[in-house]
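The sequence and structure come first.

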Amino acid sequence: MNNLKDVIDQAGKKGVAVGHFNISDSVALKAIFEAAQELRVPVIIGTSEGEAKFLGRNMASAMVKRLRVDNDFPIFLNSDHTHSMDEVRDAVSAGYDAIIFDASKLPFEENIKQTKLAVEYIRSKSKDILIEGEIGFIGSSSQVLTAIPSGIAISPESLTKPEDAARFVKETGVDLLAPAVGNLHGIVMAPDANGVLRSINPRLDIKRIGELKNAVNVPLVLHGGSGIADDDFRSAIGSGISIVHINTEIRLAWKNKLEESLKKNRDEVAPYKILEPSLEGIRSVVKARLQLFNKLI
Ligand SMILES: [Zn+2]
């Protein structure tokens, strides 16, 4: 079976993107795996530091590996937004396939310095782990927001510059790069003229994605995919995005379906019955996203 690097390279060549979806539990993992298996497309499972703490890195790693080996299926595990060296060490020892070292909140020079140290450490432990670095702060909450948080890079002058991207990749030695191209973490919702809540996430700067792709020789990763318009996804993937992260949409599906389920069956106590609608809800969100990212629709 292909390793994660091959899977990402092949996606780039085909002009499609690999979907990256976060989990806090085995319900979401099962739903994501089933959607990917149905469509026969590779998939990356992510755990943030909070998600990893709740689920346990060893448990996440054991489950994903078992699914990969038993089904001979390209499913991989990524340590999403890992901020400290302690967390990096935990992810390495748990056997993660990829690690995002995120020092994007720090000034650019400091980001380069810290990321380089993380890359050196990870490479000293394993040559197989893919390492992603980030430039440009795009927020840190996978929640439903009512306004764009302050300090986030969305104005044209604050987007990642091609020369910075080139320098960052060259000096740190990362395998993957997450730039700021108008994306942000979370879904920003506001009422439209009819009072219906709609996503008002900013548009992606497609031209900048193409410029960044030309400036670096590593695959580009789009974070904060929840709430982005389908056409923006198509253009972004066509311009060089090889991995797309979705988290908030999964959280929403999990929560909304759970609320409905609890309301509908007030006397039910069996978790597997109560959680079945959440599983189905996540599966359908992930399936639709994978179809879009893999040009199946
Ligand atoms: Zn992210």
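Helix axes here are lines fitted to C-alpha atoms over the stretch in contact, and the angle between them runs from 0 to 180 degrees between N-to-C directions. The model is predicted.

Helix α2 (residues 26–39) packs against helix α12 (residues 276–293) with the axes 8 Å apart and at an angle of about 40°. Because angles under 35 degrees count as roughly parallel and those from 65 to 115 as roughly perpendicular, α2 is oblique to α12. Their crossing is right-handed. On the α2 side the contact involves V27, A28, K30, A31, I32, E34, A35, A36, E38 and L39; α12 contributes S278, L279, I282, R283, V286, K287, L290 and Q291. Sorted by class, this contact of α2 with α12 comprises 11 nonpolar, five charged and two polar residues.

A separate topic is the open sheet of three strands, which has mixed pairing and the order β6-β8-β9. Its edge strands, β6 (144–145) and β9 (197–199), each pair on one side only. Strand β8 (residues 187–191) runs antiparallel to β9, the two being paired over three bridges. In β9, L197 stands opposite P191.

Most residues other than glycine have a negative phi. Two exceptions are R40, with a positive phi of about 55°, and K295, with a positive phi near 55°.

Note on methods: Residues are numbered from 1 along each chain as its sequence is written. This is a predicted model: local features need pLDDT of at least 70, side-chain atom pairs count only at pLDDT 80 or more; totals for chains, interfaces and linings use all residues. Two strands pair if DSSP finds at least two bridges between them. Helices (H or I, at least four residues) and strands (E, at least two) are DSSP runs, numbered from the N terminus. Angles under 35 degrees count as roughly parallel, over 145 as roughly antiparallel, 65 to 115 as roughly perpendicular and the rest as oblique. A crossing is left-handed if the near helix is turned anticlockwise from the far one by less than a right angle, and right-handed if clockwise. Two residues are in contact if their C-beta atoms, placed from the backbone, lie within 7 Å. Ala, Val, Leu, Ile, Met, Phe, Trp, Tyr, Cys and Pro count as nonpolar, Asp, Glu, Lys and Arg as charged, and the others, Gly among them, as polar.
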